[in-house]
Amino acid sequence: MSEVFLNIEADLGTTGLLMLVFDMIVKSAKDYKVQDVEKFYDQLQELICMVKNTKPRIGIVIYYLSEIWDQMRKQKAKFKTMGNVVAALEEIVKEKIKETEVDANRLVEYGVDLVEDEDSILVQSHSKVVLRILEKAWQQGKKFRVVVAEQELEKTKDNIQFLYERKIPFTVVPEFMLSHIEHEINKVFLGALTLNNNYCFVTDAGTSSVVAEFHQERIPIYMFVVTKKFSLWENPITHHTYKTVQKKIEKRTKDILTYERIKFSHDRVNLDSVDWVITEKGKSIPKAVRKMYQEKFAEYQEWRKNHFCIEM
Amino acid sequence: MIAIAVATFLVSMILLIFDWIDKTIIALTGALILILFKVLTWQEAIQSIDFETITLLLGLMFVVAISQHSGIFSWLNVQIAKKSKGSPLAVFLLFSALTFFASTVLNNATVVLLIIPVALSLASGLGLNSKLLVIGLAIFSNIGGTLTLIGDPPNTLIGVQAGLSFGEFVMNLAIPIVAITIIIVGYFIATNWSSLRPISKNIPKLFVSNMIIQRICYQYAAKKLDKFVIATTCLALFATVVAFVFQPQLALSVGVIGMASGIFLSLILSKKIQFLGLIKEVEWDSLLFFAGLFIQVGALEKVGALSMIANFIASFSGNYVVLLMVIVWGIGLASSFINNIPLIALMIPVIFDIQSKLQGQPHLDLLWWALALGGCLGGNGTIIGSSSGILAIDAAKKYGIKISFMDFFKVGMPVTLISLTVASIYLLIRVYS
């Protein structure tokens, strides 16, 4: 399950993953061949438990699945057949999709307001929200250009494809060569998977060095994240790495170099190293976000007890 | 001279078994030694090369390269992923069937390489035994390849040199291959039911499989495949098979049909697929390997070594049934441990010799089918028995699935024993019918 989630998150981003989870939970319920409602509930609980334990935990997916589980549990008594169960599940999922869209649209609106004529905006993350902001701002006639920091090939390709198809002017620069053009950039737009309780954003690999560089140069960094993506449990500081030993044949000689190449799937970015955090609630400074997180963390104490068995 | 020719061939075989040096270099070095030691003249060496086999393989390599570019396999893989609905049994059966049928007309090693990535991405999320799937696909590609003249290189060698048509291969091998396939599928299901049973009563498994299928679908959708290229490639494959079936009526050699297929398809798609790119994808090393091998076998023939082997095998001719069994089991078991291509290349002139010694004996054509069945099906015995097995294991390694010699042997050897038993029963029925 972890590997599947990690791969899809890398391809589509967290929102894309969430939408797929919504669709597939309904489809799986429809494909389920047992008519025993009790058994279905047991297995749904098992599934949600598995999702809660993926590595890394995807905050927004856990949040919504827990919500779905709570609502399904409340209605359990009135279900006589599996047909009723599936219909109710479908209805709840529809509501959740709407809710997600409302939050994302708010985030986009706030983001568009930040774009001004003559801006030169750096993007690096594979963030659908950031791309939608650029698209909408361009449609509104704002004249700006984009600098795409080249990170993982597939993710960068997606960003390039998106901008190219919408005729938004852009330049691509390898991530490790950004220092040569940083004076041309006046804003940095980034997306995050989550905000942990150690006040670190989990982001695409490579974001950390981009933030460090532009933070030092005092070029404003905007991080886009909905509050439902906040991880409302304690997180150990861990990296999710893939170690692969590759055989590389150098040119056409017979020498074969064998070495260990370690890849990291994500980065961690300190909340205080960004200038602004944009949530569905608006534009906030890191200090305000810290407070927002603390309040939400306290509010979800009961939820943690219910959904993680132990207080995390 | 005979000692040099035999020693060169034996050393080449040993080096091929241990895979220390590239197979093409081994074959060409052996050929060069034979020329330098004047076992063969340059003219004789060139004449030993069967250019019809080489041109047939070259033409088919163009077709395979274009098939890879066309995206037809991506499309087929996605359709299978959708149709399977994530059921491990359906994944196993559908991918095995695709591998089997594709291997009848395309190089089976290439087929395995094109199918394994999607099959593994589905299998890993479904709890299906990935090792079993990889080994199964390698095995079914060999079984499928055994059915036709162009499915597996040993068959191509036999067909071209013995003058057997595509239709004759299918007519004579369809019954044992269908029987073997059904029995082996049953064997796989019976011995691996725990990992193949349906998942429709398990929500977590259904969920994961649906997620994986969706991922395969969106990855495929992002590829922007060209319908014209796919349709043209399908048509060309169909036309090639039809041309092979009607080869006697067309009065064209299989080499000409293979080359025509490759060249016409390259011409039609010249604006879509770069010819220079296709040229690079031709397995030139394999073609040179065949050339070197033909020269080495030519030398053995010239010095009379093949006649000696033929005499030895023909000593069983007092009982024709025993002779057939010696060929099918001897070649089959030998093919499990050594490369079947040089073995078949060596045996073809031997079979000709035996046939000349057994003039008047009915069912002499069965010697070719015994050779084809033994040579191709024997390759399933071990990890090193066939090129599709070796490539499948290498491809699986990229996905973190390590398959040892014993892992493969435990599945492959029973399959080989079953296959050779069925092949033997078929040959016995043909002898006594």
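pLDDT is the predictor's confidence in each residue, on a scale from 0 to 100. In this predicted model, chain B averages a pLDDT of 85, and 97% of its residues score at least 70. For the complex, the predictor gives an ipTM of 0.77 and a pTM of 0.71.

**Chain A as a whole**

- Chain A contains nine helices and twelve strands.
- The C-alpha trace of chain A spans about 65 × 55 × 40 Å along its principal axes.
- Of the 312 residues in chain A, 35% are buried.
- If contacts in chain A are taken between residues at least 6 apart in sequence, 75% of them join residues at least 24 apart.

**The two domains of chain A**

- The domain assignment of chain A gives domain 1, residues 2-103, and domain 2, residues 105-298.
- The centres of domain 1 and domain 2 of chain A, taken over C-alpha atoms, are separated by 28 Å.
- In the contact of these domains, 15 residues come from domain 1 of chain A and 18 residues from domain 2 of chain A.
- On the side of domain 1 of chain A that touches domain 2 of chain A, helix 1, helix 3 (59-75) and helix 4 (82-114) of chain A each supply at least two residues.
- Helix 1 of chain A provides the largest share of that side of domain 1, with five residues.
- By class, the residues on that side of domain 1 of chain A are six nonpolar, five polar and four charged.

**Chain B as a whole**

- Chain B has 23 helices and zero strands.
- A compact globule with 433 residues would have a radius of gyration near 22 Å, and the 22 Å of chain B agrees with this.
- Along its principal axes, the C-alpha trace of chain B spans about 70 × 50 × 45 Å.
- Buried residues account for 51% of the 433 residues of chain B.
- Among contacts in chain B with a separation of 6 or more, 81% are between residues 24 or more positions apart.

**The largest nonpolar core**

- The largest nonpolar core has 210 residues, and the members that touch the most others are B:Ile115, B:Ala119, B:Leu137 and B:Leu371.
- Domain 1 (2-103) and domain 2 (105-298) of chain A both give residues to this core, so the core lies between them.
- Apart from its neighbours within four places in sequence, B:Ala119 is in contact with B:Val91, B:Phe95, B:Leu133 and B:Leu137.

**Where chain A meets chain B**

- The contact between the chains involves 20 residues of chain A and 15 residues of chain B.
- Helix 1 (2-31) and helix 2 (37-52) of chain A each supply at least two residues of the side of chain A that touches chain B.
- Helix 1 of chain A gives the most to this side, with ten residues.
- Sorted by class, the side of chain A that touches chain B has twelve nonpolar, three polar and five charged residues.

Definitions and conventions. Residues numbered from 1 in each chain as written. Chains lettered and ligands numbered in written order. Predicted model: local features only at pLDDT ≥ 70, side-chain atom pairs only at ≥ 80, totals over all residues. Helix = DSSP H or I, 4+ residues; strand = E, 2+ residues; numbered from the N terminus. Buried ≥ 20, exposed ≤ 12 C-beta atoms within 10 Å, placed from the backbone. Contact = placed C-beta atoms within 7 Å. Core = buried A, V, L, I, M, F, W, Y, C linked by C-beta atoms within 7 Å. Domains from an automatic or database assignment. Nonpolar A, V, L, I, M, F, W, Y, C, P; charged D, E, K, R; others polar. Rg over C-alpha atoms; globule rule 2.2 N^0.38 Å.
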